[in-house]
Amino acid sequence: MTTGLVANFQGVYIALYSAYDNNGEVSRERAKKLARHYVSTGVKGLYVGGSSGEGILQSVEERKAMLEAVLEEVKGELKIIVHVGANSTRDSVELSRHAEQCGADAISAVPSIYYRMSEAAVEHHWQSMIDSSSLPFIIYNIPQTTGFNLSVPLLRKLAAQDKVIGVKMSGESTFDLQQYKMAGGEDFLVFNGPDEQFLAGRIMGADGGIGGTYGVMPELFCTLDHLFKLGRIGEAQSLQNVINDFITRLLRYPSLYGACKHILQLRGVETGEPRLPLLPVRPEDHASLTELNQAIIAATAKYAHVSPKEEVQRHA
């Protein structure tokens, strides 16, 4: 757990969406434009190939192509954490090595899915990735989709290694998040996963967040983070309420990712439709999504006013 790197990773990370052409193939050009779109939003970095990026629905070569395009475009401007988890340990190790070769900043992984794995099997799966590269490793815990919930003893065991610098906690329990932070210690990074409880996660010890809906309202999440740092919790709670209304509206569509991708399209950022079985939005949804996009833009203009510079001045 000797992680001088931790301070360099704290912050707000967008779980980057997939980028396909009109035929549903990974588009390097669109991936680059998507990554570039976020450089000036205030986020710390991008999380590539996770749930929002549909990594589980892509081949190893497609995941490599997506990462290569992102790094070619924004390496050195944004921190890039790569989700390398795959059903087979072999594919996960291949993706881990590729991430290091490309110059990513860290790797992360869920357990293997579908099969209900024992804790020993999950540990071996993760350890194989940790051993395959020199990159920092961030555990990804999302029990509601994998069927595996990280235990505190296993976290302690993995976190004893210098390369294991943190955990992305996408489970719904802020109690578990707090327990992970206590077990890992101050020098162990914990990312909040559920977007709708970003503030709750920060209050309970998270050092930042990684989320998919950040992609359509990054400035709002950055402002929320700054308000928390300033101790302006009442204002932060009000902003979380605004964000949660937007999330609630996004969840009403056939797929969250389809809705978010359509909003980006309205802003001139083409990413294609989500890959089936994730559904695209329906034509009858376009009008309400246009209204939602306008509401998010208006809220960004209203709330996204707390800058890092202001934060430093207030702490001086």
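How much space lies in the largest pocket? About 790 Å³. A pocket here is an open set of points on a 1 Å grid over the protein atoms alone, with protein on both sides within 12 Å along at least five of seven lines. Grid points are joined across faces, edges and corners, and a volume is the space filled by probe spheres set on the points. Lining residues have an atom within 4 Å of a point.

The model is predicted: local features need pLDDT of at least 70, side-chain atom pairs count only at pLDDT 80 or more, and totals for chains, interfaces and linings use all residues. Residues are numbered from 1 along each chain as its sequence is written, and side-chain values use heavy atoms, with hydrogens and water left out.

Start with the overall build. The protein has 14 helices and eight strands. Helices (H or I, at least four residues) and strands (E, at least two) are DSSP runs, numbered from the N terminus. The C-alpha trace spans about 50 × 50 × 35 Å along its principal axes.

Eight strands form a closed barrel in the order 1-2-3-4-5-6-7-8, with parallel pairing. On average, neighbouring strands of this sheet are turned by 25 degrees against each other, direction ignored. Axes are lines fitted to C-alpha atoms, for helices over the stretch in contact, and angles run from 0 to 180 degrees between N-to-C directions. Two strands pair if DSSP finds at least two bridges between them. F191 has G208 of strand 8 as its bridge partner. Helix 3 packs on the sheet, where it touches strand 2 (45-48) and strand 3, and its direction makes about 175 degrees with that of strand 3. Contact means heavy atoms within 4.5 Å.

Helix 6 gives the most, with three. The lining divides into 15 nonpolar, 14 polar and five charged residues. Ala, Val, Leu, Ile, Met, Phe, Trp, Tyr, Cys and Pro count as nonpolar, Asp, Glu, Lys and Arg as charged, and the others, Gly among them, as polar.

A cavity is another matter: a 1.4 Å probe fits but cannot get out. The count is one cavity of 30 Å³ or more. The largest cavity has a volume of about 50 Å³. Its lining includes R63, L67, H83 and H98. Helix 3 (60-74), strand 3 (79-83) and helix 4 (89-102) each supply at least two lining residues.

Two loops deserve a look. E54 sits between strand 2 and helix 3, and its phi is near 60 degrees, positive in a residue other than glycine. P277 lies between helix 12 and helix 13 (286-303). The peptide bond from L276 to P277 is cis, with omega near 20 degrees.
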